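Me: Could you walk me through how to read a few features of this model? I'd like the general idea and then the case at hand.

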Amino acid sequence: MAIVSQHKIQQQLHELAANAARPFVSWTEPLEDIDPVSFFMQGPSCGFRERFFWSDRSGSTIFVGLGSAYTIETEETDGRFHYVEQQRQRWVEQIERHGEADMPPLLFGGFAFDPHQPRTSVWRGFPAGKLIAPTVLLSVKNGRTLLTVTLPTDGVERDMERIGRLFRRIEELQPVSATLPALVSDEEEEKERWLAAVRQAIASIRAGRLDKVVLARSRRLAFTGTIDAAAVLARLREQQPFAYLFAFEQDGRCFIGASPEQLVQKEGEMCQSVCLAGSVRRGSSPGEDEQLGAWLQADSKNREEHQFVVHMIRRVFSSVCETVEMPTAPQLLKLPHIQHLCTPVVGRGCQEPSVLRLVEMMHPTPALGGTPRERAMEAIRSLEPLDRGWYAAPIGWVDADGNGEWAVAIRSGLLDVDKAMLFAGCGIVAHSDPTSEYEETNVKMAPMLSALGVMSND
């Protein structure tokens, strides 16, 4: 962005705010290529207390937001998705768009996995549902980069100093340093209690009380200094090239991860999802890797776990779409540390006007909660020694037209100054083995451990 463009945006915002008929104005301007992670890094030093990062699995759509011009937040339980959707529609009516008109206002955020679960201080600042419209949004779509500034008409002067500081820094952005502090301690969270919970879950399933339940565990790490979220994000981008990358930071506490799992995407009348359940580690050689993949595709326990997800997503899509397309058998999705059974699903002629309604219908899928849904949720509340917070919950974005994309926030961790809390879970069915399930959670924590510099990316 040239200096003249910076002054142009600032001047335009002043003029638009002075003449606006609505409470908020936004101005969008094309931008030269800029590293999104370096842009994300600028947030704290420019005075922005909120920031987010989102990249789809192909890296063709990237959003980076700094600050918050508008916030939708709720602690409602059963009505949280409806409330957020109502507020989204209200937000759209309050904003005037100028500049590049094809860039609709965008909200980014997430939801708690279970709003009925008792809350702990671990997830302070991450309520039952929260979406923000950023003050400054960097958008990269199919190679085109745009910068959008959104301000309340009565607060232009208040925010302009931070924006000016950001503009000056854009001219001389430096690469993100991947240097991270050293590990001090690594504490597993109640391993024996978790194994006991798995055994109880297996007994309940064999007794016919439910078909599947997903149980998660956590791991606490402490470091010698502050963990730079931008450095972790840079390492995730390098090490997890086919994952959704996400980060959502509030007052220095950042929920971050690299998820392989799409919950749902909506674009016009087309929607799509990915059924992802059943997993095994990668092999140490091509031959072993192929053998493990073949075993996974043939294993009855993993195929059963996968089919629960396929049936649920097909049912949801069939209820809102004219046609549903999916392969007859699962494929293999191979990631750096793990491989999954994977079935993509595409719906056409979708009648739901907002992706948030689809998120509500689909969360939690059997891949993250279990089945039947309500019994599985009850089992998680009674058995799992963990406050999941936003882990395994929907995270993503929605625009003014109701389109958007949401991932499931797995392979993730919560960064808090010099500490990190990592999360992983696995699906328990009748033939599960507690020790094997525990080892699976270790494999699933590997991406975040590697991004934190705790283990090498083998």
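Predicted model: local features only at pLDDT ≥ 70, side-chain atom pairs only at ≥ 80, totals over all residues.

Me: Is arginine 357 buried, partly exposed or exposed?

Reply: Arginine 357 counts as partly exposed, at 35% relative accessibility. Residues are numbered from 1 along each chain as its sequence is written, and side-chain values use heavy atoms, leaving out hydrogens and water.

Me: Which residue does arginine 357 meet in a salt bridge?

Reply: Here is the general idea. Side chains of opposite charge can pair when their charged atoms come close. The rule here asks for a side-chain nitrogen of Lys or Arg within 4 Å of a carboxyl oxygen of Asp or Glu. Arginine 357 meets glutamate 352, at 3.7 Å from N to O. Glutamate 352 is buried, with a relative accessible area of 18%. Salt bridges can also share partners, and in this way Lys212, Lys301, Glu305 and Glu437 are joined into one network.

Me: How many salt bridges does this rule give?

Reply: The count comes to 25 salt bridges. One of them pairs glutamate 325 with arginine 348, at 2.9 Å from N to O. Glutamate 325 sits in strand 16 (residues 323-325) and arginine 348 in strand 18, so this pair ties together parts that are 23 residues apart in sequence. Both ends are partly exposed: glutamate 325 has a relative accessible area of 37%, and arginine 348 is at 41%.

Me: What separates arginine 165 and glutamate 161 in helix 4?

Reply: About one helical turn, because they are four residues apart in helix 4 (residues 156-170). Helices are DSSP runs of H or I with at least four residues, strands are runs of E with at least two, and both are numbered from the N terminus. Arginine 165 is partly exposed at 25% relative accessible area, and so is glutamate 161 at 42%.

Me: Which residues of helix 7 are buried?

Reply: First, the general idea. An α-helix has 3.6 residues a turn, so residues three or four places apart point the same way. In helix 7, the buried ones are Asp289, Leu292, Gly293 and Leu296. They cover an arc of only 100° around the axis, which puts them on the same side of helix 7; the arc is taken from the directions from the helix axis to the C-beta atoms. On the other side of helix 7, Glu290, Gln291 and Ala298 are exposed.

Me: What do the buried residues of helix 7 pack against?

Reply: They pack against strand 15 (270-281), helix 8 (300-320), strand 17 (331-334) and strand 18 (338-348). Contact here means heavy atoms within 4.5 Å.

Me: How many residues of strand 15 are buried?

Reply: Nine of its 12 residues are buried, so strand 15 is largely enclosed by the rest of the structure. For strand neighbours, the rule is that two strands pair if DSSP finds at least two bridges between them. Strand 15 and strand 18 run antiparallel and are joined by 10 bridges, with serine 279 facing its bridge partner histidine 340 in strand 18. Strand 14 (residues 262-267) also pairs with strand 15 in the antiparallel sense, over three bridges. The hairpin of strand 14 and strand 15 has two residues between the strands, and glycine 268 there takes a positive phi near 65°.

Me: Which residues touch the most other members of the largest nonpolar core?

Reply: In soluble globular proteins, nonpolar side chains tend to be buried together. A nonpolar core here is a set of buried Ala, Val, Leu, Ile, Met, Phe, Trp, Tyr and Cys residues joined through side-chain atoms within 4.5 Å. The largest one has 86 residues, of which Trp123, Val213, Leu215, Phe255 and Ile428 touch the most other members. Apart from it lies another core of 55 residues, including Ile9, Val140, Val149 and Phe223.

Definitions and conventions. Buried < 20%, exposed > 50% of the residue type's maximum accessible area, 1.4 Å probe, protein only.
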